[in-house]
2 protein chains.
Amino acid sequence: MNEFELIARLAQSLPVNESVVTGAGDDCAVLDLGLPDKLILFKTDAVVEGVHFEPDTPPEKIGRKALARCLSDIAAMAGAPVAALVTIALPGNFRAGVVAGIYDGLNALAEQFNVAVAGGETTASPGALLISISLLGVVGRDRQVLRSGARAGDAIFVTGELGGSRAGKHLDFEPRLAEARWLADHFQLHAMLDLSDGLAGDLRRLVQASRVGAEILKSALPVSRAAKLRATSHQPAALAALTDGEDFELLFTLASRDAVKLLDAWQIKFPRLKLSCIGRILAGQGVRLRDRTGSHPLKLHGYVHFA
Amino acid sequence: MNEFELIARLAQSLPVNESVVTGAGDDCAVLDLGLPDKLILFKTDAVVEGVHFEPDTPPEKIGRKALARCLSDIAAMAGAPVAALVTIALPGNFRAGVVAGIYDGLNALAEQFNVAVAGGETTASPGALLISISLLGVVGRDRQVLRSGARAGDAIFVTGELGGSRAGKHLDFEPRLAEARWLADHFQLHAMLDLSDGLAGDLRRLVQASRVGAEILKSALPVSRAAKLRATSHQPAALAALTDGEDFELLFTLASRDAVKLLDAWQIKFPRLKLSCIGRILAGQGVRLRDRTGSHPLKLHGYVHFA
């Protein structure tokens with residue numbers, strides 16, 4: 001049993017109660033606490049030195065990234081963030097300025113999205129610097145967009161550009177909160193998630209949750225400039241766009257009859273952010289990639305981080 | 001600036017929004033999300049190998065303790081827990097059985113208190129095993145008991161027995177959820193917290209938050225059997241009860257005219273759990289200890305863990 005199988009098995013046996021609408025397995029947990037018109041979104045996520053940032057990453061960017069990752073998960077449910085708690089595990093040799101810098105970056109992003117930072121804990125750690133964020137949000141009752149609603153025939157869309165995030169974007173990305181809420185307000189989204197592990201792996205998760213398949217059109221992939229600049233014969237830019245991870249863009253599906261209307265409306269609403277139709281949902285299962293030579297099963301699983 | 005001053009300063013400058021009723025500085029954050037009759041309690045807490053448990057602590061007990069600490073904080077607000085999220089940072093050499101064991105212990109306690117485990121993340125860690133828990137709870141609107149409401153003349157109470165927790169209780173303690181809710185339902189509590197860092201330090205926090213002072217009667221301290229067994233001339237049992245930490249008992253105050261009525265009602269409701277009146281709230285500031293020789297300022301700050 002590898003770690004993924006273990007975690008999948010554990011996730012099946014977690015205690016539930018009457019508050020749980022959606023538990024483990026989606027971008028956020030969805031809880032019903034009795035609010036007449038809203039459900040609660042609940043998310044936790046950690047960044048660790050040496051895994052999600054480097055020892056020389058500026059503390060402000062570490063704090064910003066820690067919160068931004070959680071905000072991206074709230075966006076993926078078409079929700080609005082409300083309040084965060086911060087846990088920092090600090091190695092013994094930490095400098096006070098590092099903690100202050102982490103909070104500076106985190107607080108600035110929180111203020112940008114009107115998120116309260118309602119408390120924090122600091123604990124000693126014999127190991128690496130770790131920041132764990134807990135985030136509460138809300139979403140209109142039955143307006144949450146899960147991973148599991150994709151239907152055969154849907155068009156598949158992705159915001160922004162993919163690949164090469166580790167060159168810098170992973171520290172500076174904008175959580176697509178406004179975009180996701182606009183999408184959910186104006187279109188009937190069937191399924192959505194935020195791209196954290198790479199399109200290939202994350203699309204596979206979406207189609208598995210939805211019990212469908214998908215075909216991506218290679219020529220439609222919005223490959224980032226960073227990925228193109230770093231492309232080699234071993235790692236072509238399209239592969240980077242499929243597998244690099246940490247894009248934190250929205251991946252979603254809707255009925256293909258809405259696709260052109262969406263593209264037109266998007267260009268007016270968000271003229272500076274690319275929106276690409278990259279393929280379609282198929283009956284069956286698995287993810288396929290169509291290029292000049294035909295349609296092939298996509299074996300790539302995307303960047304596998306241990307989470 | 002030491003770490004406590006730093007964290008106190010940071011806590012003052014956290015972003016807030018209209019949802020925040022009580023932010024950093026109490027046992028839980030208190031949020032108003034618009035529920036007609038309830039407020040939301042939000043708490044996060046981490047346990048780290050080498051700090052809160054040892055490398056040879058059974059995984060089931062680690063998982064149980066991680067959740068129990070957060071449940072104790074919900075108890076300290078007189079709330080009811082609803083749903084938890086679990087983040088585990090795992091060193092590279094972990095065994096699958098450790099993760100399964102952590103969840104076994106945690107899930108069993110969650111089921112005991114009807115808490116949903118609504119999701120979890122596992123991340124790689126170059127350092128020590130760390131478990132961070134996020135917990136959501138609810139409390140009747142304006143029924144939450146803060147640290148800041150103690151008044152001169154109040155009687156000070158503590159549940160259970162104090163000291164020597166590290167001999168075993170810190171892994172097995174019962175969060176005082178039922179007791180705290182019964183107290184808040186039947187008495188006008190003025191202030192409450194859960195004892196995590198030792199009576200001396202935690203009472204100091206309570207009186208500082210309430211802008212009052214306190215006097216403890218040494219002979220009234222409920223010293224645990226574990227503390228008595230381990231007492232030495234350097235570390236008398238009463239000192240252990242004041243400073244050992246990790247007791248996870250309730251410390252609370254109410255008007256002294258309610259004290260006898262409370263003790264009578266408690267003995268009928270919770271005959272197996274000791275409740276002790278250990279002193280009184282004074283005008284002024286600071287914590288004093290009264291023994292046979294008189295009343296002395298208490299210099300001890302309790303077990304100082306870095307949190």
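Trainee: What makes the copies in this predicted model meet through the same surface?

Mentor: The interface residues of chain B are, at 100%, also interface residues in chain A, so the two copies use the same surface.

Trainee: How many residues are in contact between the chains?

Mentor: Two residues are in contact if their C-beta atoms, placed from the backbone, lie within 7 Å. On that basis 58 residues of chain B are in contact with 58 residues of chain A. β5(B) gives the most to the side of chain B that touches chain A, with 9 residues. That side has 38 nonpolar, 17 polar and 3 charged residues.

Trainee: What is chain A built from, and why is chain A called as compact as a globular protein of its length?

Mentor: Chain A has 9 helices and 13 strands. Its radius of gyration is 19 Å, close to the 19 Å that the globule rule gives for 307 residues, so chain A is as compact as a globular protein of that length.

Trainee: What share of chain A counts as buried?

Mentor: A residue is buried if 20 or more other C-beta atoms lie within 10 Å of its own. Of the 307 residues of chain A, 58% count as buried.

Conventions
Residues numbered from 1 in each chain as written. Chains lettered and ligands numbered in written order. Predicted model: local features only at pLDDT ≥ 70, side-chain atom pairs only at ≥ 80, totals over all residues. Helix = DSSP H or I, 4+ residues; strand = E, 2+ residues; numbered from the N terminus. Nonpolar A, V, L, I, M, F, W, Y, C, P; charged D, E, K, R; others polar. Rg over C-alpha atoms; globule rule 2.2 N^0.38 Å. Buried ≥ 20, exposed ≤ 12 C-beta atoms within 10 Å, placed from the backbone.
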